[in-house]
Amino acid sequence: MIGILTSHWSEFITGFGNTILCSLIALFFSLVLGIGFALLEVAPIKFLRIIAKIYIELFRNIPLLVITMVFYLVIPQFFFKVSGFVAGTIGLSLYTSAFIAENIRAGINSVGDGQMEGALSNGMTYTQAMRYVILPQAMRIVIPPLGNQFINLIKNSSVLAFVAGFDLMYQADVVALSSFQTINTYVIVGVFYLILTLPLSYYMRYLEKKLN
Amino acid sequence: MKKYRRIWLLPLIFGLVFILAACSVKQSKNKNVYQEVKQSKTITWGVRADTRLFGLMSVKTGKIEGFEIDLAKALTKQILGKDAKAKFVQTTPKTRIPLLKNGNIDAILATMTITPERAKQVDFTKPYFPSGQSLLVPDSSKIKDVKDLNGKTVLAVKGTTAVDNMAKFAPKAKVLEYDDYGQAFTALKAGQGQAMTTDNGVLAGIASENRGYKLVGGTFTQEPYGIAVNKGQTKLLNKLNQALVEVKKNGTYHRIVEKWFGGVPGFKEVENE
């Protein structure tokens, strides 16, 4: 097992790097999009709520692979070239953002109605009430499910393997099929994913404790 | 009453199984296959039923059609005379050698590349098809040769020799690898690379189904297909080799190649390799 790690070190490291890069970008965009659509979902204007619902149901209910394939294969035929890495990252961001939006919406809803009414009757605007009263309380509730989403996001980044995105899983397929050491290769890849996900889940635990 | 009947059935079934087993044992023993096919006037060929242009089950007629099917029919007639019949059995790369060994088929004509490891288990005729790695590009492409690929992006399938060969023939090409031929070709369509590479047979199948794509660069590796017969069937092997030479000489082979590969843009026919 050490042998295959050292002989294919550069493949594993480029793959690891690309997985980290893709995960970080997707984490940022999915969080931004997720919060955005969660706010739209609880917005007082019906039209905005409908738009948010359509977006969330669309990306939540289509397999990640299909979303990614559309960006990788369909968009380039009609508009502009999208590399495998970019297509995978976009797909991952959109897919995860739908789940994050649902989590955050649940968090916002769990903050009692009285909080919003109280804030409004104290002279705050809707935006201010959201920003200073509702969201901070909601975020605290949402941390554990968000941690789940982030871990899923890192693991789902393996979708890049299908669109030649040179991530960890792509390199694993290539190494496994060229060296015929399938089990060893995927065990190593599992360890690489653990290196990413374990610290993340510990950090989420820590955050959860700190906020409570 | 019914119960008794069932008990009576049991030894009957066992008996049948034993007879069948005995039959298969008898067949698997090294007999002279050539004598058998000569008497029955039938050669049973193991063929592909899932490979476009070579042997594909036709939905319309329910029969297997393709280059190898026509070649098998021509060879059968050449060896056993005009009234002889060719029978076809579907095989896959996994099943074909066992089927040959146990006598279910007389010969394998199923996109089988001649390799030293396989030659330990079966005997091969002279090559009947010059298979090898080739390139598929859009009609408008300027790529003419494998050397033109340096600095370009090439699409291939994970775990195939095609990937290793690219490092040898075009070391500066970037290779993107996919899970299957369908994905790799769709990526080529989407412009994710400038060329797709694998066996010329597979590429010809894709090009015949999709307008606007052509094969270029000939074959830059040699992985020819041969007909396989069981070890020790020297008589049949000789007859097959002889028949191959004859169908090539009298133009039948050329006609069959034209029929199946004539419409594929860029496909180069190599008749006497």
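**Where chain A meets chain B**

Between chain A and chain B, six residue pairs are in polar contact, with both residues of each pair at pLDDT 80 or more. A polar contact here is a pair of N or O atoms within 3.5 Å; within protein, one has to be able to donate a hydrogen and the other to accept it, and residues adjacent in sequence count only if both atoms are side-chain atoms. Helices are DSSP runs of H or I of at least four residues, strands are runs of E of at least two, and both are numbered from the N terminus. Sorted by class, the side of chain A that touches chain B has 13 nonpolar, two polar and two charged residues. Nonpolar covers Ala, Val, Leu, Ile, Met, Phe, Trp, Tyr, Cys and Pro; charged covers Asp, Glu, Lys and Arg; the others, Gly among them, are polar.

All of this comes from a predicted model, in which local features need pLDDT of at least 70 and side-chain atom pairs count only at pLDDT 80 or more, while totals for chains, interfaces and linings use all residues. Residues are numbered from 1 along each chain as its sequence is written, chains are lettered from A and ligands numbered from 1 in the order in which they are written, and side-chain values use heavy atoms, leaving out hydrogens and water.

As for the interface as a whole, 17 residues of chain A are in contact (heavy atoms within 4.5 Å) with 15 residues of chain B. The two chains bury about 1,300 Å² between them, 56% of it on carbon and sulfur atoms. That area is the accessible area (1.4 Å probe) lost on putting the two parts together, summed over both. The rule also finds one salt bridge across the interface, where a salt bridge is a side-chain nitrogen of Lys or Arg within 4 Å of a carboxyl oxygen of Asp or Glu. The side chains of B:Lys158 and A:Asp173 meet in a salt bridge at 2.9 Å, N to O.

Turning to chain B, there are 10 helices and 13 strands.
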